[in-house]
Each structure stands twice: as C-alpha cells, then as structure tokens.
Amino acid sequence: MTPYETIYDAFARKVNDYMDISDEDLDDLLLGYLKSSIARFRKCTSDLSDRDDDLERFNVDLTDIEIDILALQMVEEWLRPQVNSALLTKQIIGGAEEKFYAQSNHLDKLLALKEQNKIDAQKAYRDYQTEQFRNNI
C-alpha cells in the first residue's frame, strides 16, 4: 500500500511554497491536486482507482516512477491557478501609459516553469511506458 503522504512528499520536494493555510485546508488542496493527477495518468499499470480517500492511501504499491509522475502532475495542478490568476491578468491588461513589467515578467516565468514541468512529466511518462513495454516483451 502506498500512502498519499508519499506522493505529497514527492510533490513538496518539487515546489517551494509555504502555504499559510490550515492543515485541514492543505490536506483538501493536496487531495484535489492528487485526484486531478490521477485522472490524467490514464495508462498506469497500477490500479489508481483502488484507493481509500478516508485512510489516504492507495491499496496497491506504486512504483517510484508512478509516484514521481503523480507528483509532477500535481506540480502542474499547483501551477495552473497561479498562471490563470485574475490578479496577473488585470495588471497586465492596462492602458498604454500603464507599465507593469514586473507582472508580465512574473507571468512569463510562470508559463516557462509550467512548460518545463509539462516536458518533465512527458519524459517521465515516456520512460514509464518504455519500461512497461520492455517488461512485457
């Protein structure tokens, strides 16, 4: 069995975010990121639906690469609301005389980070599929 905490720890090592929220709210947020990640990991050889959200664990043993893929996809879920921030959008859409270089630069950096994370997740998934293919030969 793999506890959710194992995936949460892998996610935490990939981001530096000190969220100032209660433990209960953080657990809800992480569970939401994890569920979105599970939905996007379509060809996992482990049965990701075999889990217990109350006990916060998968009823199967996930491999290290499966844990890493879920954590990478959680990073993408974590980045999504930051990139789609109304605050950044409002500040960038201004009049011609208004200059918000810092906000547009910040958004550019977030988009680049999101793209790099997407590439990392795709590489990990590709390697995972290659490994599964080799194991079936």
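Two aromatic rings, from Phe, Tyr or Trp, count as a pair here if their centres lie within 6.5 Å. By that rule, ring pairs link Tyr 4, Tyr 8 and Phe 58 into a cluster. Keep in mind as we go that this is a predicted model.

Let us step back for the overall plan. The chain holds five helices and three strands, and along the sequence they follow the pattern β-α-α-β-β-α-α-α. Of the 137 residues in the chain, 31% are buried. If you take the contacts with a separation of 6 or more, 70% of them are between residues 24 or more positions apart.

Which of its residues are buried? They are Tyr 4, Ile 7, Tyr 8, Ala 10 and Phe 11. These residues cover an arc of only 160° around the axis, which puts them on the same side of α1. The spacing of such a pattern has a simple background: an α-helix has 3.6 residues a turn, so residues three or four places apart point the same way. The cover over the buried residues of α1 comes from several elements, including β1 (2-3), α2 (23-40), β2 (51-52), β3 (57-58) and α3 (64-83).

Two packed helices are described by the angle between their axes and the distance between the axes. For α1 and α2, the axes come within 11 Å and cross at roughly 90°. That makes α1 roughly perpendicular to α2. On the α1 side, the contact is made by Tyr 4, Ile 7, Tyr 8 and Phe 11, and on the α2 side by Asp 27, Leu 30, Leu 31, Tyr 33 and Leu 34.

Searching the whole structure turns up three aromatic pairs. In one of them, the ring centres of Phe 11 and Tyr 33 are 5.9 Å apart and the planes stand at 55°, so the pair is tilted. This pair links distant parts of the chain, with Phe 11 in helix α1 and Tyr 33 in helix α2, 22 residues apart. Both Phe 11 and Tyr 33 are buried.

Now for the strands. They form an open sheet of three strands in the order β1-β3-β2, with antiparallel pairing. At the edges stand β1 and β2, each with a single partner strand, so one side of each is left without a neighbour in the sheet. Between β2 and β3, which run antiparallel, there are two bridges. Here Arg 51 stands opposite Phe 58 in β3.

Is Phe 58 buried or exposed? Its relative accessibility is 0%, so Phe 58 counts as buried. Apart from neighbours within four places in sequence, Phe 58 is in contact with Met 1, Thr 2, Tyr 4, Ile 7, Leu 34, Ile 38, Leu 48, Asp 50, Arg 51 and Leu 70. Asp 47 is eleven residues away from Phe 58 along the chain, and their C-alpha atoms are separated by 8.7 Å.

The loop between β2 and β3 contains Glu 56. Most residues other than glycine have a negative phi. Glu 56, however, has a positive phi, near 55°. Glu 56 is partly exposed, with a relative accessible area of 30%.

Setting aside residues up to four places away in sequence, Ser 37 touches Leu 70, Gln 73, Met 74 and Glu 77. Arg 40 also has its place in α2, but at 34% relative accessibility Arg 40 counts as partly exposed. Arg 40 and Leu 70 are 30 residues apart in sequence, and from C-alpha to C-alpha they are 8.9 Å apart in space.

Terms used: Residues are numbered from 1 along each chain as its sequence is written. This is a predicted model: local features need pLDDT of at least 70, side-chain atom pairs count only at pLDDT 80 or more; totals for chains, interfaces and linings use all residues. Side-chain values use heavy atoms; hydrogens and water are left out. Buried means under 20% relative accessible area, exposed over 50%, partly exposed in between (1.4 Å probe, protein chains only). Helices (H or I, at least four residues) and strands (E, at least two) are DSSP runs, numbered from the N terminus. The arc is that of the directions from the helix axis to the C-beta atoms. Contact means heavy atoms within 4.5 Å. Two strands pair if DSSP finds at least two bridges between them. Rings of Phe, Tyr and Trp (its six-membered ring) pair if their centres lie within 6.5 Å; planes under 30 degrees apart count as stacked, over 60 as edge-to-face and the rest as tilted. Axes are lines fitted to C-alpha atoms, for helices over the stretch in contact, and angles run from 0 to 180 degrees between N-to-C directions. Angles under 35 degrees count as roughly parallel, over 145 as roughly antiparallel, 65 to 115 as roughly perpendicular and the rest as oblique.
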